Amino acid sequence: MSSGTFKAIVARKTDTGQTIGLEEVDDTLLPAADVTVDVAYSTLNYKDGLALKGLGRILRTFPMAPGVDFAGTVRSSDSPDFAPGDPVVLTGWGVGENWSGGFSARARVKSEWLVKLPPALSPRQAMAIGTAGFTAMLCVMALERHGIAKGGEVLVTGAAGGVGSIAVRLLSRLGYRVVALTGRPEEEGFLTALGASEIMDRTMLQSAGKPLQSERWAGAVDTVGGTILANVLAATASEGAVAACGLAGGTDLPTTVFPFILRGVCLLGINSVDAPKARRAEAWNRLAHELTAADLDSLTQEVALEDVIGLADDILAGKVRGRTIVRI
Ligand SMILES: NC(=O)c1ccc[n+]([C@@H]2O[C@H](COP(=O)([O-])OP(=O)(O)OC[C@H]3O[C@@H](n4cnc5c(N)ncnc54)[C@H](OP(=O)(O)O)[C@@H]3O)[C@@H](O)[C@H]2O)c1
């Protein structure tokens, strides 16, 4: 179905980089695929910040709408798996990178990329979770698969950010003792309300430390990488595991093999973009079950589509608390 115009934030290539702005567009912006969605909400993730600023080579095709996730209702479908009106959510698959994404009132995507929303979640609540919350759940599931026992002490880095704050909420609800590492001590109240038992100042782990340190963490969710991740590995207890998903503090990993070969520590890589369909459905069902409406409200701020460009600098500077829902 092709009809009318709709608004979208559009990135266009120039000789020197890209332009980005709110436009009135039509279906020619959208790639060919079998399901068209009326987008109700998207969100601002760290990767969207990079895309909006033309950094990190996130956007690979032009013109397109950035936005790595969205939730809404099916507008038209050539797939037997989806019918008009179905509530759906999408995260990953390169959408908002090499495929027009969620900062657009309309999106057209492959049916196999879509997940039907669990009945307990509205499109707005799904985007309060978004890519960040989905990734936090994948981290938690990875630690569970590794066998990290409930009650153990688990560190979450970048705790006041999107992935970090939902990881704190999930892990504390599941019965772990959560220590929240943050560069924003002023967010102590926010993190404690999410269930953190202890707040640790980021500066404690920012300088290079010994390759093996006192064993403390049964597990960890790391969203920042770099020296902090190296220090987390060095202080992870025997047979513990660290789920690493982010690079907000750096892309390097200045570690040694000692945590791995002397303590059996495991580094678990988390990639939400290409997560297999069955794991996606499991993660979304768990998220719908473990998080309450009050949790999601406490984690989120809502902005209009036209405001999202102005927030890119803030998320890259680590100034955004929790999750930012973008109302389309
Ligand atoms: N692997 C995947 O599939 C996947 C999926 C989603 C996100 N990610 C990655 O996960 C990371 C977090 O994403 P997000 O959307 O949650 O971003 P976000 O909301 O900006 O959160 C990142 C947090 O990291 C901390 N931080 C920022 N700069 C830092 C620095 N220089 N050193 C140490 N900590 C710093 C801040 O928390 P505090 O103020 O509390 O310290 C910040 O809030 C990003 O790197 C993103 O690319 C990966």
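Modeller: What follows goes through the salt bridges pair by pair and ends with one arginine and its contacts.

This is a predicted model, in which local features need pLDDT of at least 70 and side-chain atom pairs count only at pLDDT 80 or more, while totals for chains, interfaces and linings use all residues. Residues are numbered from 1 along each chain as its sequence is written, and side-chain values use heavy atoms, with hydrogens and water left out.

A salt bridge here is a side-chain nitrogen of Lys or Arg within 4 Å of a carboxyl oxygen of Asp or Glu. Searching the whole structure gives 19 salt bridges.

One of them joins arginine 124 to glutamate 302, with 2.6 Å between the closest N and O atoms. Arginine 124 belongs to helix H2 (residues 123-146) and glutamate 302 to strand E14 (residues 300-304), so this pair ties together parts that are 178 residues apart in sequence. Helices (H or I, at least four residues) and strands (E, at least two) are DSSP runs, numbered from the N terminus. Arginine 124 is partly exposed at 28% relative accessibility, and glutamate 302 is partly exposed at 29%. For these words, buried means under 20% relative accessible area, exposed means over 50%, and partly exposed is in between (1.4 Å probe, protein chains only).

A second pair is glutamate 198 and arginine 177, whose closest N and O atoms are 3.4 Å apart. This pair links distant parts of the chain, with glutamate 198 in strand E10 (residues 198-201) and arginine 177 in strand E9 (residues 177-182), 21 residues apart. Glutamate 198 is partly exposed at 26%, as is arginine 177 at 32%. Both residues also belong to a network of salt bridges that links Glu153, Arg177, Glu198 and Arg216.

In another pair, arginine 321 bonds with glutamate 187 in a salt bridge, the closest N and O atoms being 2.9 Å apart. Here arginine 321 sits in the loop between helix H9 (312-316) and strand E15 (323-327), and glutamate 187 in the loop between E9 and helix H4 (188-193), 134 residues apart. Arginine 321 is partly exposed at 40% relative accessibility, whereas glutamate 187 is buried at 9%.

Finally, arginine 202 lies in the loop between E10 and strand E11 (217-222) and is partly exposed, at 36%. Its C-alpha atom is 5.6 Å from that of leucine 181, 21 residues apart along the chain. Leaving out residues up to four places away in sequence, arginine 202 touches Leu181, Thr182, Gly183 and Ile228, where contact means heavy atoms within 4.5 Å.
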